[in-house]
Amino acid sequence: MSAVFEVKNLKRSFGGLVVTNDVSISMAPGDRVALIGPNGAGKTTFVNLVTGTIPPSSGEVRLGGETVTKVDAIGRVRRGLVRSFQVTRLFQDMTPAEHVGLAVLQRSGRAGRLFGSFLTMPDVMAEVSELLEKLGLAELAHRKVSEIAYGQQRLLEIAVALALKPKVLLLDEPAAGVPQSDTGRIEQALADLPKDLAVLMIEHDMDLVFRFAKRVIVLAAGTIIFDGLPADVTKDARVREAYLGSYAHASHVA
Amino acid sequence: MTVAMNNQTTLSRPRGGSFKRDLIGVIVIIVFAALGYVLFPDNLALLTRILAVALLVLSLDLVTGYCGVATLGHAALFGSGAYAAGILSAHYGINDPFLMTMGGIGAGAVAGLLCAVIMLRAHGLPQLVLSIALIYLFHEFANKASSWTGGSDGLAGIMPDAVFGIYEFDLYGHTAYFFGIALLLIVFVLLRILVRSPFGMLCRGIKEDPLRIRAMGASPNAALTKMYVISGAVAGTGGALSAISTQVVALDALSFTQSAEALVMLVLGGTGSLFGALAGTLIFMLFEDYVSAANPFHWLTMVGVLLIAVVLFAPKGIYGTAAAYFSRRREGSQ
Amino acid sequence: MQTVFSIAIDALAYGMVLFVISIGLSVTMGLMRVVNLAHGAFAMIGGYIASYVARDLGMGYAVAVIAAVVITIIIAIPIERLLYRRIYGQPELTQVLMTIGITFCIIGIANYVMGPTLKTIPLAGPLQGTADLGFRTISIHRLFAIVCGLVVALGLWFAIEKTSFGVKLRASVDNAAMAAALGVRTEIVYAVSFAVAVGLAAFGGVVGAELLPVEPYYALRYMVTFLVVVSVGGAGSIPGALIACLVLGAVDTTGRYLMPEFGEFFFYLAVIAIICVFPRGFAGRAK
């Protein structure tokens, strides 16, 4: 299957410090990939490079066969590369319906309209209802975001991302900070993501990674040290070294 | 199936009766206009001036209240409209009040575009300073181009024709007053539609988190530029009204003081609400008229105290605080 | 050549006065992130006090300068305690309104107490007259202003780079929360910086009274100028502020000499050009 998302030899340095070194990833539609790595592995920089927030020193990002390395962050979203945020960044004074409505309007090129309201646009409302229902947020559709629970805000983040009809979805720790009781809902939402969507999830929680991903990529010190099946990741010597190196050393001393 | 039906109804529920509130707003404006006409028949000039400034403050509310751009140079858009309308009449003999208003709207929009292009290059304090620099630049430019603007003597020789060829702009200011009321009502209704529109929603999003808006694939700067142009058109309407009703344009129309006062009025009433902008303008201007007649310096002290008091005790402004109080009471009684 | 020379001296003197007054504003804005539009009002208060002490009480210039600085700081302390404390960390719009409000009050009160007329500060004997440089004579007062600017710049540089207070100040500017966690009492750093800033403003108001005459609308007239200087320099940066003052002083003075009918046109044009090229100011730091 042809790749919908490709990163080729991506490299970025700040001054003399190389934070992302020669990273290459290729994903096909429907892929479920988890990107993991110890703290300071360069995951955040990688996300910023891919979304176009910062430019790479060298290398290439391709989206649906088109090179988008020189396209800015907004252009990449419009071409189908959508991200969610590690900590929810929702508009506190707006309602879930408005969030999803705004995303649908933006995607369909109507966010600049000076009259009317999405509440009276049947096609937009149909989509808003469908998405909010799917994520179990329909009851809260007209509440202010500041009044709804954190777990529900995370679900709303996913709803907003889906409303943009992405080809590639970058999920930055979708369950971070959510109480244990609510993670089930989020996992269900992740399991229900459209089948043809390529999903790259950045995550710390290994349980979630193993349940969600069909493929795991491990980033350490800015380079990919593992790219393969979840079952193999814990057996890999370099991964053990990257994650357990310090502990192994500590126990040795003790 | 039933569940889906239920959800359908939750989502398409019409919210808070916004059309009802539009209607109430229009009625309130008309009632106040009538009251003003009955109570102050000899002071229609002041009331018309309040209408013109109200348009400026509404326009400022669009960029400051709805988009979160703080500016101390908004009179640039107002003054551009005033000069355009004035110059059309004084230099080109285009005296039709509607054409003059159109000229003001156009010039205001162009000035808005210019200000947006420059101001959106920076954020925070530098942006505020840019707005100040811009208003001084406009002011100096108008002062220098005295063959067009009359410089510091002001632009005279503005002689608007009768409205519809019937209603002359009389000495008592009746026609100007009704003309102003009509403009304000039209603008108010259009802005109510605007702030509810998809674009209005986009702008509210930009005010809260421009980065999030970018991640949704929309360009905050493009939207802000568009809002600035709209805001310029509104301020230009106010400027044109001021030129038509007073038949002169003074350099003050393009001053830092006018900009700062507009901001004070907006905050006094409450940002992010059209009613707040109107309330702030009305209260400030009436207050100013009574106090400054006595002693301009005491007036300054009182505005200062007023500002400090608003910041400390009513940060949402008079209308905002009152609205919050009543909605709390309503929730409490439920 | 003569013109070029006098423009240069005037520009330098003007730039230095701007620097002395604005540098306090720059440091406090970098430190407390407060858009303080009332800073010029403190310079004005300093000017009034010096004028009163030197002219009405007939005391010496040096006494007048010291009295101006000390009394202005004493006046500023309750204002900081009661009003400024409330706006630290608030949105810019709130800060703008509060400090404009303070400015208006001070103008109104100054006019009520001191009257609307322009106040002069009689110079000390040695500062009057001109100095002969051989090829050209220049006003000693201008030289005095320039020297004051240099002394303030060097003094601040020393205080910030070489003293333990400077270390705490820089740490607080960089990251107040982190500095507090490391045991820096940021409250005290804030209070001292504010006092120093106000004192410098008063000092600048007195020294610069020949160039920026003291009258009630002083606070409003130059409010924008000081803010512009800080913004163009980049809040919190001494070299940035110095460069901004010299560049803008030069632009403004040259404009006034060569094309007086354009007023401040060139000053503001330069401001726009500079901010468009350096959106965070000459020495602006990424937030």
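Biologist: Is helix 11 of chain B buried or exposed?

Modeller: Mostly covered: 22 of the 27 residues in helix 11 of chain B are buried. Buried means 20 or more other C-beta atoms within 10 Å of the residue's own; exposed means 12 or fewer, partly exposed lies in between, and C-beta atoms are placed from the backbone. Helices here are DSSP runs of H or I with at least four residues, strands are runs of E with at least two, and both are numbered from the N terminus. Keep in mind that this is a predicted model, where local features need pLDDT of at least 70, side-chain atom pairs count only at pLDDT 80 or more, and totals for chains, interfaces and linings use all residues. Residues are numbered from 1 along each chain as its sequence is written, while chains are lettered from A and ligands numbered from 1 in the order in which they are written.

Biologist: What does helix 11 of chain B span, end to end?

Modeller: Helix 11 covers residues 220–246 of chain B and reaches 38 Å from its first C-alpha to its last. That is close to the 39 Å expected at 1.5 Å a residue. The expected span is 1.5 Å times one less than the number of residues.

Biologist: What comes just after helix 11 of chain B?

Modeller: Gln247(B), with a positive phi of about 60 degrees.

Biologist: Switching to packing. At what angle do helices 4 and 5 of chain B pack?

Modeller: About 145 degrees, with the axes 7 Å apart. Helix 4 is residues 75–92 of chain B, and helix 5 is residues 97–119. Axes are lines fitted to C-alpha atoms, for helices over the stretch in contact, and angles run from 0 to 180 degrees between N-to-C directions.

Biologist: Is the crossing left-handed or right-handed?

Modeller: Helix 4 of chain B passes helix 5 of chain B in a right-handed crossing. Right-handed means the near helix is turned clockwise from the far one by less than a right angle, left-handed anticlockwise.

Biologist: Which residues meet there?

Modeller: From helix 4 of chain B, they include Ala76(B), Ser80(B), Gly81(B), Ala84(B) and Leu88(B). Among those in helix 5 of chain B are Gly104(B), Gly108(B), Ala111(B) and Cys115(B). By class, the residues of this contact are twelve nonpolar, nine polar and no charged. Ala, Val, Leu, Ile, Met, Phe, Trp, Tyr, Cys and Pro count as nonpolar, Asp, Glu, Lys and Arg as charged, and the others, Gly among them, as polar.

Biologist: Now interfaces. Which pair of chains has the most contacts?

Modeller: Chains B and C, among the two pairs that touch. A contact means two C-beta atoms, placed from the backbone, within 7 Å. In this interface, 33 residues of chain B are in contact with 37 residues of chain C. Helix 6 (124–144) of chain B gives the largest share of its side, 14 residues. Helix 12 (256–269) and helix 14 (296–313) of chain B each give two or more.

Biologist: How far apart are chains A and C?

Modeller: Their closest C-alpha atoms lie 14 Å apart, and no contact joins chain A and chain C.

Biologist: What is chain C made of?

Modeller: Eleven helices and two strands. Along the sequence the pattern is α-α-α-α-β-β-α-α-α-α-α-α-α. Buried residues make up 50% of its 287 residues.

Biologist: And what about chain A, how many helices and strands?

Modeller: Nine helices and ten strands. Of its 254 residues, 43% count as buried. The C-alpha atoms of chain A fill a box of roughly 65 × 40 × 35 Å along the principal axes.

Biologist: One last spot. Where is Thr88(A)?

Modeller: In the loop between strand 6 (81–83) and helix 3 (96–107) of chain A. Thr88(A) counts as partly exposed because it has 19 C-beta neighbours inside 10 Å. Leaving out residues up to four places away in sequence, Thr88(A) touches Gln153(A), Arg154(A) and Glu157(A).
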